[in-house]
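Below are some notes on the model, for a colleague who will work from the coordinates.

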Amino acid sequence: MKRDPYVDRWLEGKPAEPVLRRVRDVVMCADTRMGEYLKYGTVQFAYNGDFANFVQHDKKTATLMFNRGAKIQGNFPHLEGTGPSARFMRFADLDEVDALTAELAKIVVAWCDMMAPRAKVVPVKKPGR
């Protein structure tokens, strides 16, 4: 997992630093295609487009906003929101991050799969057939 040193510094001293770091670890470890950087004053996770970022990061809890969360295919019961685009996942503490780790990891993989260019499969013809 590639870690951006600017992101490390951004996390330092935040009220929810342990929660933010654990959420970051889940996102970054779920799929090697995922990357991170700072954008608009917060951590942005991305793969072939912006995926999610921390919002309301000055609190003791962590909220991850999935920029185009409504488009992610799958059953993710802890994604909140009903609008046409954004979805949210909230984490009160480290126990909640642990409880939602599997679901968050599946969301990351679903995003990466959705955004990955599909390779065209060409059948191989065997000689003499």
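1. Helices and strands here are DSSP runs (H or I, at least four residues, for helices; E, at least two, for strands), numbered from the N terminus. This is a predicted model: local features need pLDDT of at least 70, side-chain atom pairs count only at pLDDT 80 or more, and totals for chains, interfaces and linings use all residues. Residues are numbered from 1 along each chain as its sequence is written, and side-chain values use heavy atoms, with hydrogens and water left out.

2. A16 lies in the loop between α1 and α2. Its relative accessible area is 1%, so A16 counts as buried (buried is under 20% relative accessible area, exposed over 50%, partly exposed in between, with a 1.4 Å probe and protein chains only). Leaving aside residues up to four places away in sequence, A16 touches K59, K60 and T61, where contact means heavy atoms within 4.5 Å. A16 and A92 are 76 residues apart along the chain, and their C-alpha atoms are separated by 9.0 Å.

3. The largest nonpolar core has 34 residues, of which M34, F51, L64 and F91 touch the most other members. A nonpolar core is a set of buried Ala, Val, Leu, Ile, Met, Phe, Trp, Tyr and Cys residues joined through side-chain atoms within 4.5 Å. Two or more residues come from each of α1 (5–11), α2 (17–30), β2 (42–46), β3 (50–55), β4 (62–66), β5 (87–91) and α3 (94–115). The most come from α3, which gives eight residues. In soluble globular proteins, nonpolar side chains tend to be buried together.

4. Which residues does F91 touch, not counting those up to four places away in sequence? The contacts of F91 are V19, V23, T61, A62, L64, E96, V97, L100 and L104.

5. Strand β3 is mostly covered, with six of its six residues buried. β3 pairs with β2 in the antiparallel sense over three bridges; two strands pair if DSSP finds at least two bridges between them. Four bridges join β3 to β4, again antiparallel. N53 in β3 is the bridge partner of Q44, and the bridge partner of N53 in β4 is M65.

6. The whole structure contains 10 salt bridges, a salt bridge being a side-chain nitrogen of Lys or Arg within 4 Å of a carboxyl oxygen of Asp or Glu. Side chains of opposite charge can pair when their charged atoms come close. D31 and R33 meet at 2.8 Å, N to O; D31 is buried at 9% relative accessible area, whereas R33 is partly exposed at 29%.

7. D50 and K39 form a salt bridge at 2.5 Å, N to O. This pair links distant parts of the chain, D50 in strand β3 and K39 in strand β1 (residues 35–39), 11 residues apart. K39 is partly exposed, at 25% relative accessible area.

8. In the salt bridge of R90 with E80, the closest N and O atoms are 2.6 Å apart. R90 is in strand β5 and E80 in the loop between β4 and β5, 10 residues apart. R90 is partly exposed at 36%, as is E80 at 35%. Elsewhere, salt bridges that share partners join D8, E17, R21, R24 and E36 into one network.
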